[in-house]
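Please read the points below with the sequence and the structure open.

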Amino acid sequence: MSDTPFGFGLPPEEPDNGDEGRKKGNQGGQGGPANPFGFPGMGLPGAGGTGGADNPFAAMFGSMNPNDLGAAFQQLGQMLSYEGGPVNWDMAKDIARRTVAQGTADGVKDTSVGIAEKSAVEEAVRLADHWLDGVTSLPSGATTAVAWSRAEWVEATLPVWKELVDPVAERVGAAMGSVLPEEMQAMAGPLLGMMRSMGGAMFGQQIGQAVGVLAGEVVGSTDIGLPLGPAGKAALLPLNIEGFGKDLGVPSDEVRLYLALREAAHARLFAHVPWLRSHLFGAVEGYARGIKVDTSKLEDVVGQLDPSNPEQLQEALQGGMFQPQDTPEQKAALARLETALALVEGWVDAVVHEAAKPRLTSADAMRETMRRRRASGGPAEQTFATLIGLELRPRRLRDASRLWASLTDARGVDGRDGLWEHPDMLPTASDLDDPDGFVHREQLDFSEIDKMLGEAAEKRGRQDDGEGEESK
């Protein structure tokens, strides 16, 4: 703990030796008179500061000059007065939109989607659905096809990020209060409230920055294997598709069509396998429950909490405060999640390749590009790995794709897709190790079991009705 209560530092002294004094006064995150809160770029015109992914606060406050100070103070007040859930989602949305507006690292700015681009996306999804009709028994799951700008992707996907992040953020919020000594917690009501507000802002800044950066990378609404967009919508981002295909040497219409196939295949799966969405999100939440917060790192941060340097909290989060518990339950939760993601992505990979191979000369190249992209992930995915304690990657995508292809050969399209009728019918992690054993194994027919249970329930209902009539 620092010498001052709860680590709150005293205001920095006025430097008496010009620029050298300012440099010395700013060490350790302390802002001088020209920079009262330690936010880069908040001093006089020309003050230093960096923006972009390394500095979410710069994304929130922008480039400061004296005319902007009022807005900066207002934003800081909003941060400290926040009384909502574990994540300040209003702040996250605002920062994500600002990040998108700044453009990507290669200088490409977001633009509104034109009529021609919308028509091209609609036509690609329509044709993709037609091709998929011949390679899967699952009907179309896209009632509409939409072309999004990056900003529209942010707006549409934030509700799903909320489902993913809130469970972990809740644990961090509880941990922030627990690091204070028990005898101090009763007296520290206002401080705990401020810590919760700062915790919500801390997550909001990080999530907003990561979503904003990810918006510059994604090509649709299902890039990470989870349904991020509204149900029934197949969504593509024309601007990002153009960047994705820039160096592939593949005609742009083929790139768009291949990505439309992937988006439409995901849409079929999530629309017609009713339990799948809750199964995946339940696996994420189950894994999150087994994460423990590194309270020693949090204690160090809280012990030196300095309102003039809130970036300390940001840096602590970036450094990773989450440690998966090394328990059988946690390992099982991770295995369930990784297997589920691999099965979804493997099925999509297999059916899309079957549809594209006879029709697109670039099918093999596009398939390998997407596989490598999903295996490596981008910088924004790394940020989410830090934030929620796991990587949303299908580590065994190739194994799962081979298994689905083998099932197609052995049982046909209907036999393969019929496995999605019940979660207990799907392959397990061990089945990915022995695909031949799974392919030729007799499967339980859950439809017959459901039919028997339904008939038994109807029979019981008739008996109850008869007993009711007799009692009258």
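1. Leaving aside its neighbours within four places in sequence, which residues is R150 in contact with? They are V100, T104, V108, K109, D110, A215, G216, L237, L239 and N240, where contact means heavy atoms within 4.5 Å. R150 is found in helix α6 (residues 150-178); helices (H or I, at least four residues) and strands (E, at least two) are DSSP runs, numbered from the N terminus.

2. On provenance: this is a predicted model, in which local features need pLDDT of at least 70 and side-chain atom pairs count only at pLDDT 80 or more, while totals for chains, interfaces and linings use all residues. Residues are numbered from 1 along each chain as its sequence is written, and side-chain values use heavy atoms, with hydrogens and water left out.

3. R150 is buried but has no salt bridge. Buried is under 20% relative accessible area, exposed over 50%, and partly exposed in between (1.4 Å probe, protein chains only). A salt bridge needs a side-chain nitrogen of Lys or Arg within 4 Å of a carboxyl oxygen of Asp or Glu. The nearest side chain of opposite charge to R150 is D110, 4.7 Å away; Lys and Arg count as positive, Asp and Glu as negative, and His and the chain ends are not counted.

4. The protein has 20 helices and 4 strands. Of its 472 residues, 48% count as buried. Among contacts between residues at least 6 apart in sequence, 77% join residues at least 24 apart.

5. Helix α4 (residues 89-102) has 14 residues and reaches 20 Å from its first C-alpha to its last, close to the 20 Å expected at 1.5 Å a residue. The expected span is 1.5 Å times one less than the number of residues. W89, M91, A92, I95, A96, T99 and V100 of α4 are buried. They lie on the same side of α4, because they cover an arc of only 165° around the axis, taken from the directions from the helix axis to the C-beta atoms. On the other side of α4, D90 and A101 are exposed.

6. E117 sits in helix α5 (residues 115-132) and is partly exposed, with a relative accessible area of 32%. E117 and L237 are 120 residues apart in sequence, and their C-alpha atoms are 9.3 Å apart in space. Neighbours within four places aside, E117 is in contact with S112, A147 and P238.

7. A search of the whole structure finds 20 salt bridges. One of them pairs R97 with E155, the closest N and O atoms being 2.5 Å apart. This pair links distant parts of the chain, R97 in helix α4 and E155 in helix α6, 58 residues apart. R97 is partly exposed at 37% relative accessible area, and E155 is partly exposed at 34%.

8. D223 forms a salt bridge with R373, with the closest N and O atoms 3.2 Å apart. D223 is in the loop between α8 (189-215) and β2 (233-236), and R373 is in helix α15 (residues 363-376), 150 residues apart. D223 counts as buried at 14% relative accessibility, whereas R373 counts as partly exposed at 25%.

9. R262 forms a salt bridge with E345, the closest N and O atoms being 3.4 Å apart. R262 lies in helix α10 and E345 in helix α14 (residues 328-356), so the pair ties together parts 83 residues apart in sequence. Both R262 and E345 are buried. In α10, 16 of the 21 residues are buried.
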